[in-house]
Amino acid sequence: MRLKGLWAMGVAVMLGTASASAGELSFWHAYAGQQDKTDFINFALDAFAKAHPDIKLDVVPAEQSAYKTKLNTAMASGNPPDVFYTLPGGFLGAFVDGGQMYALDQDLAKDGWGATFLESALAQTTRNGKAYAVPVDVDAAVFWYNKALFAEHGWEVPRTYDELVALAEKIKGEGLIPFALGNKDSWPATFWFQYLEMRLKGSGAVAAFVNNDADATLLPEAGDAFARVADLAQKGYFPIGFNGMSDQEANMLFLNGQAAMLLNGTWQIGASKDAPEGFELASFAFPEVAGGKGDQTDVLAGVAAAFGISEKAANKADAVTLLRFLTSPEVMTKYVDLRKTMVTVKDATTEAAAGPVLYGISNGLMKSAGHLDPFYDTAMPPKATNAYYTSLQGVLDGSVKPEDAARKLEDALKAGQ
Amino acid sequence: MRMRASTLPASGPVRRVTPTTIIVLAVLTAHVLMVIFPFVWVAYSTLKTNKEFMRSVWALPTSFSLDAYVGAWSGGALGTYAMNSLWIMAGATVLTVIVATLAGYALAVYRPRWMAGVELSLMAAMAIPAYVALVPLVVLLRNAGLLDTHLGVILPTAAFNIPVSIFIMRAFFVTLPRELFDAARLDGTGEFGIFRHIAMPIAWPAMFTVAVVNMIWVWNDFLFPVVFINSPARKTLPVGLTDFVGEHITNYPVMLAAILIAAIAPLVLFVFFERQITSALLGGAVKE
């Protein structure tokens, strides 16, 4: 026993002290737990090993939710990986404020690397004028509907919010669930609130707080937006028990024809891959809200993931080489092909790789949008995100008044400034 | 029931079927079905394709296919993960039982004057949530070169489980009559001899309780392994099972097959040691 312990310690010491030297990089990512994610990372890392045999990678994968705990702990204990996957907005912002991120501006300026990214996407990984990560993919939230079900019942795609509510009433009358929603993890219902706020008030409401704009407000429109979400819940347009149902469980209701519509991100295309026969996925834009002050063509779309380099990384040149490789048009087009997700690199979301549904969104909805407003919950500081989630859940189950929720959220955002 | 029975002729071991027994049996059967159904559901769901699963969660599979098991076995390294879990479980449990038995004995039998202080600090240690300790632990483990090793999970896990385990052991040793030890002392047995030859043989059931409880905790623990282990080859089962859970997309039959494979080892253990485990769990709760 004692010998074994000593032996284990010896091995451990050797492993522990073998920190990255020249030509060696530690790389953490969250492409795990889902076939399309592992397919992508396997492809990218194999290709990288072939193109750069001199750079050795020490790769640590973890599933998204476990990854966040793991990375946060590593960063907080001063033991960051050299290159890593990160979320944009508040998650990345905390690392930047802690002085742990390497600013990429000089590297982005070289050989026009920076110009290959969509400006709106790069803006989401930029803080205080400096880019601290390169954005990878973009998710847009849109309405998804089962085209076959709509044709069967003679329903029509709504153009205005009032038409949407009228359609929901009709669908409910025929014994089906109008909108699939599983809000256990708190983020799925945020699309409802955010789109209403965008339509009623306009894009950039939360961004104004994050950018320390002294005149930033959410009210009074936020009260109206919360009230409308509460109204939908009260009328029974969501599944029974939606606050305790997971997003993937709600998705099942949509795929097997029990629910007619779903407001969700573009990952819905991948999530509909195993839909039963007779299901046909199609999308429409969040409808216009009468009297709304916002640009009614705006789309809720944001960077889903990014890659950054730690300030402590000993080997920044190789780290930049890895990032440039991962965001090269070839790798990014493969990303679109395997994951059916839009990417932030210009022209990499090709029609052939994206398929008709995604390309329709990328080339139609996204291009004609007045503004793209990134996801509120990831854009705001983590503390405000908590307030956002709890007040929205409270509004949905009727325990919090819409005006109180709006005020609480605005206060949390002000406190975060 | 008693009245009824007394009016009947003595019928030996043959049980009479009365309305009461029927009701009792019906309730018990319903209960057993409720408990068993999740397992049955998991088992038959693994035979479906994901498409079938999406069409209906409850429906039986339409064809017999073991693809989900192939996917589960090739999708992760379940065998390796199970071995890792086993090592960590064994290491942390043995360490905890040794320390808890010695400390519990000392606190119960010697009753030192500063015992209140020790108990208070143990109680305080139990109140520390694991999340709070994560960052300092990572720093400690890194400095000791133990990050990303099994020992690096075993030591903090044992440290967190030892306080409760000491309380269980102490509660057991307190029930032993002091005369037992005094008699041995008079006979000239040394202090360690008393512990080794008198206290320990009686304490086996309590030690078994502590071991079983710790085994369950350590086997199911997610937080420490996920944070302290980086290499895929050193992952434990609960962490490894997340290989099968997607952020937005999950292949359910494959995930359920992986869960079933992962559950085999503990299920087999439970079937063989059911009596010991249940009595061990009760042993901690009831003083005899």
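Let's start with helix α9 of chain A, residues 190-200: eleven of its eleven residues are buried, so the rest of the structure largely encloses this helix. Keep in mind as you look around that this is a predicted model.

**Helix α9 of chain A**
- The buried residues of α9(A) include Trp192(A), Phe193(A) and Tyr195(A).
- Glu197(A) and Arg199(A) are also among the buried residues of this helix.
- After α9(A) comes Gly202(A), which has a positive phi, near 120°.

**Confidence in chain A**
- Chain A has a mean pLDDT of 92, with 95% of its residues at 70 or more.
- Over residues 1-20 of chain A, though, pLDDT stays under 50, and the model has twelve contacts beyond four places in sequence for that stretch.

**Two packed helices in chain B**
- In general, a pair of packed helices is described by the angle between their axes and the distance between those axes.
- Over in chain B, helix α5 (residues 78-109) packs with helix α8 (residues 150-174) at an angle of about 35°, and their axes are 6 Å apart.
- Sorted by class, the contact of α5(B) with α8(B) has 19 nonpolar, nine polar and one charged residues.
- The crossing of α5(B) and α8(B) is right-handed.

**A closer look at Ser165(B)**
- You'll find Ser165(B) in helix α8 of chain B.
- Ser165(B) counts as buried because its relative accessible area is 2%, and buried means under 20%.
- Leaving aside residues up to four places away in sequence, Ser165(B) touches Thr96(B), Ala100(B), Val210(B) and Asn214(B).

Terms used. Residues are numbered from 1 along each chain as its sequence is written. Chains are lettered from A and ligands numbered from 1 in the order in which they are written. This is a predicted model: local features need pLDDT of at least 70, side-chain atom pairs count only at pLDDT 80 or more; totals for chains, interfaces and linings use all residues. Side-chain values use heavy atoms; hydrogens and water are left out. Axes are lines fitted to C-alpha atoms, for helices over the stretch in contact, and angles run from 0 to 180 degrees between N-to-C directions. Helices (H or I, at least four residues) and strands (E, at least two) are DSSP runs, numbered from the N terminus. A crossing is left-handed if the near helix is turned anticlockwise from the far one by less than a right angle, and right-handed if clockwise. Ala, Val, Leu, Ile, Met, Phe, Trp, Tyr, Cys and Pro count as nonpolar, Asp, Glu, Lys and Arg as charged, and the others, Gly among them, as polar. Buried means under 20% relative accessible area, exposed over 50%, partly exposed in between (1.4 Å probe, protein chains only). Contact means heavy atoms within 4.5 Å. pLDDT is the predictor's confidence in each residue, from 0 to 100.
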